[in-house]
Amino acid sequence: MENSEGVKIESTVVTEEPLIGALDIALFVVIITVAYFWYFKRDKQSSSSEKKPYTIQPSSLSSIEQTSNSSFIKKLKSTGRSLVVFYGSQTGTAEEFAGRIAKEGARYKMKGMVADPEECDMADLVEMKEIQKSLAIFCIATYGEGDPTDNAMDFYEWLQNGDADPEGLNYAVFGLGNKTYEHYNEIAIYIDQRLEELGATRVHEIGLGDDDANIEDDFVSWKEKLWESVCSHYGIEETGEESNIRQYKLVDCSEVLPERIFSGEISRLKSYENQRFPFDVKNPYLSKIAVNRELHKSGDRSCMHIEFDTDGSKMRYDTGDHVAVYPKNSSELVDKIGELLNADLDAVFSLLNTDEESSEKHPFPCPCTYRTALTYYLDITSNPRTHIMKELIEYASDPKDQEKLKLMASSTPEGKKEFHEWILRDNRNIVHILEDLPSVKPDLDHLCELLPRLQCRYYSISSSPKVYPKSIHITAVLVNYTTSTNRVNKGVATNLLAQLIPTNDELPQPTIPIYIRRSQFRLPPKSQTPIIMIGPGTGLAPFRGFIQERDYARKEGREIGEMVLYFGCRKKDEDFIYENELQEYVANGTLTKLHLAFSRDQPEKKYVTHLLEQNADELWNIIGEKSGHLYVCGDARSMAKDVHSIIVKVVMEKGQMTNSQALNYVKKMEQQKRYSADVWS
């Protein structure tokens with residue numbers, strides 16, 4: 001407006017010089033405009049800043065409280081604590097382990113607290129030495145391809161900067177990882193070594209938990225030895241007091257107004273009724289299900305193509321990102337718990353932390369009904385850990401049930417064997433335990449305290465924002481299997497999604513809370529760079545987005561590099577997902593080559609790894625001679641490992657290198673993001 005107005009003034013012919021010149025007027029307009037925008041933008045920012053904080057109400061600190069309490073040292077000193085347990089957690093397990101350690105500290109006269117490094121000023125670690133007999137413990141998970149969890153990223157970067165001087169800090173580290181991944185427990189190992197390099201004192205050797213085996217066993221074994229080292233280091237003894245004291249007390253909320261009761265929201269009351277951008281882990285977007293169709297052509301298994309409608313949400317994603325889906329437990333299982341415990345599931349309650357200084361006032365959004373807690377907030381389908389077995393002992397009226405629980409809660413070889421066989425191998429969840437040990441009748445509020453939080457489920461996005469800017473696609477196999485006890489276990493998220501079928505326009509569409517999690521799984525910056533994609537089964541998901549994006553570029557007239565896809569499934573006529581789409585991309589030239597392996601369409605099983613071995617020349621041509629990129633998506637336990645071995649072998653043979661040189665070559669590819677994996681176990 002100022003420019004056009006200025007032009008008009010400058011082009012006006014005047015015969016007499018006015019008191020106020022054209023330049024003066026233009027400057028005046030500019031000043032007024034700037035002042036106007038400055039004032040209203042400031043006002044808008046002020047308003048938005050009041051709305052921005054999303055807190056678990058009231059189960060976490062508000063932004064103001066977080067700021068004032070960011071110094072965990074002050075809290076330790078003011079409350080007479082000497083033990084702080086930090087957690088780096090993506091799924092909640094590390095946070096759970098941290099809580100168990102902090103709770104046990106009381107047995108050794110070390111009053112403890114749990115802390116989220118993201119909410120603390122970690123530079124204050126250097127002041128830990130000012131507290132007598134102090135100890136910092138880190139329960140740290142390694143996420144993705146050797147990355148810190150989101151909440152531990154700042155702490156990790158702070159350690160890398162090298163400015164810290166934690167001399168005098170006493171510490172111990174327990175890592176949570178998975179041996180099927182190449183970067184097993186990489187972050188925990190780095191933190192343990194880095195703290196020692198900087199001058200801190202390691203009180204106990206690092207513990208490495210393997211989630212692919214029995215991470216509970218790993219943790220319990222490490223924890224027992226940890227306390228032995230703590231006693232030796234500080235010259236203290238165990239008090240003998242049991243640590244299974246209630247952390248939360250029950251509060252009757254029957255008189256609370258309905259509008260103050262949580263009904264499944266993750267953090268903010270009525271957040272699904274009044275949606276606010278930005279959407280994240282604590283503030284998901286309630287998305288409509290636009291499409292839900294079956295991809296398998298026949299057979300007794302199911303694979304769903306689901307499209308989430310994000311139109312108007314301002315949510316943005318990149319090809320290769322993940323979408324998090326917040327599930328809910330089946331009403332059948334929830335009702336079963338109420339029936340087994342003879343409890344009123346519609347009673348309104350709250351659990352209030354007995355530690356008034358704790359930042360976690362509640363274990364989940366409170367107040368709510370028991371039905372809401374068991375449906376939206378608590379994990380009732382996973383295998384309970386040994387500490388839950390221990391806490392259930394007091395509720396068993398039958399001596400046989402008591403003895404069984406005591407055995408499984410113990411760390412003896414017999415106890416570990418029983419826990420592994422009865423809980424893990426037979427895949428029992430809390431409902432099954434209450435059914436099979438009928439004398440065990442825990443108070444429902446105590447059970448709600450013990451059970452871990454229900455976590456969101458992550459899916460690779462199988463679409464490109466260039467082609468689908470207003471929707472997010474996923475490809476999900478329905479999880480449904482029979483256990484050795486002849487029970488049918490169902491995947492929490494996929495079975496919920498299977499029920500969310502879009503209706504006609506006259507009826508409300510089914511919805512589910514989602515948010516986008518950023519990924520490092522990315523196409524090369526240049527569209528001309530050749531790529532190889534290896535994705536059997538639903539591992540095809542992100543590559544569907546990759547192909548869409550390259551196809552979009554081709555249609556715009558840009559040059560695109562070779563795209564080679566390796567896909568495998570059981571039978572061509574049964575579970576060849578997106579067959580028509582892929583064949584069309586081959587026909588129009590976007591997909592250069594499509595290598596297919598149908599494992600059960602011939603007497604001898606045939607997998608994508610067999611095809612890779614057969615196509616060594618093609619592989620080397622792209623990753624060696626043309627500096628192309630290679631991507632793997634799917635099962636980490638066997639497929640991804642086998643692919644890695646084959647690639648190393650190809651590099652050795654075709655690149656004429658030794659085994660050591662080939663390994664270094666592949667390692668360099670990974671560092672350059674030319675070899676990327678998006679895998680799960």
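Colleague: Are helices H21 and H22 roughly parallel or roughly perpendicular to each other?

Modeller: The model is a predicted one. In it, helix H21 (residues 616-625) packs against helix H22 (residues 636-654) at an angle of about 85 degrees, and their axes are 10 Å apart. An angle of 65 to 115 degrees counts as roughly perpendicular, and H21 and H22 are therefore roughly perpendicular to each other. On the H21 side, the contact involves Ala616, Asp617, Leu619, Trp620 and Ile623; on the H22 side, Ile647, Val650, Val651 and Lys654 take part. By class, the contact of H21 with H22 comprises seven nonpolar and two charged residues, and no polar ones.

In soluble globular proteins, nonpolar side chains tend to be buried together.

Strand S20 (residues 563-569) pairs with strand S19 (residues 531-534) in the parallel sense over four bridges, and Val564 in S20 stands opposite Ile532. These two strands belong to an open sheet of five strands, ordered S21-S20-S19-S22-S23, with parallel pairing. Its edges are strand S21 (593-598) and strand S23 (675-680), each of which pairs on one side only. From one strand to the next, the twist averages 10 degrees. Helix H17 (residues 541-555) lies across S19, S20 and strand S22 (629-635), and runs at about 150 degrees to S19.

Helix H12 (residues 399-409) and helix H13 (residues 413-425) pack at an angle of about 105 degrees, with their axes 6 Å apart. That angle makes H12 roughly perpendicular to H13. H12 contributes Lys404, Leu407 and Met408 to the contact, while H13 contributes Glu414, Gly415, Glu418, Phe419, Trp422 and Ile423. The residues of this contact of H12 with H13 divide into five nonpolar, one polar and three charged.

H12 and H13 also take part in the largest nonpolar core, which has 41 residues. Phe364 and Leu374 are the residues with the most contacts inside this core. Besides H12 and H13, the elements that give two or more residues to the core include helix H9 (331-340), strand S12 (348-353), helix H10 (370-377) and helix H11 (386-392). Helix H14 (430-436) and helix H15 (444-450) are also among them.

There is a further sheet to describe. Six strands form an open sheet in the order S14-S11-S18-S9-S10-S15, and the pairing is antiparallel. Strand S14 (457-460) and S15 are the edge strands, each pairing on one side only. Neighbouring strands of this sheet are turned by 40 degrees against each other on average, direction ignored. Strands of a sheet pair through backbone hydrogen bonds, either parallel or antiparallel.

Strand S9 (residues 285-294) is joined to S10 by six bridges, and the two run antiparallel; here Val291 stands opposite Glu307 in S10. Seven antiparallel bridges join S10 to strand S15 (residues 471-477), where His305 stands opposite Thr475 in S15. S9 is also joined, by four bridges, to strand S18 (residues 511-517), and this pair runs antiparallel. Ser287 has Ile512 in S18 as its bridge partner.

Two local features complete the account. Six of the eight residues of helix H16 (residues 492-499) are buried, so H16 is largely enclosed by the rest of the structure. The buried residues in H16 are Val492, Ala493, Thr494, Asn495, Leu496 and Leu497. Arg276, by contrast, lies in the loop between strand S8 (248-252) and S9. Its relative accessible area is 25%, so Arg276 is partly exposed. Arg276 and Ser313 are 37 residues apart in sequence, yet their C-alpha atoms are 8.7 Å apart in space.

Notes:
Residues are numbered from 1 along each chain as its sequence is written. This is a predicted model: local features need pLDDT of at least 70, side-chain atom pairs count only at pLDDT 80 or more; totals for chains, interfaces and linings use all residues. Side-chain values use heavy atoms; hydrogens and water are left out. Two strands pair if DSSP finds at least two bridges between them. Axes are lines fitted to C-alpha atoms, for helices over the stretch in contact, and angles run from 0 to 180 degrees between N-to-C directions. Angles under 35 degrees count as roughly parallel, over 145 as roughly antiparallel, 65 to 115 as roughly perpendicular and the rest as oblique. Contact means heavy atoms within 4.5 Å. Ala, Val, Leu, Ile, Met, Phe, Trp, Tyr, Cys and Pro count as nonpolar, Asp, Glu, Lys and Arg as charged, and the others, Gly among them, as polar. A nonpolar core is a set of buried Ala, Val, Leu, Ile, Met, Phe, Trp, Tyr and Cys residues joined through side-chain atoms within 4.5 Å. Buried means under 20% relative accessible area, exposed over 50%, partly exposed in between (1.4 Å probe, protein chains only).
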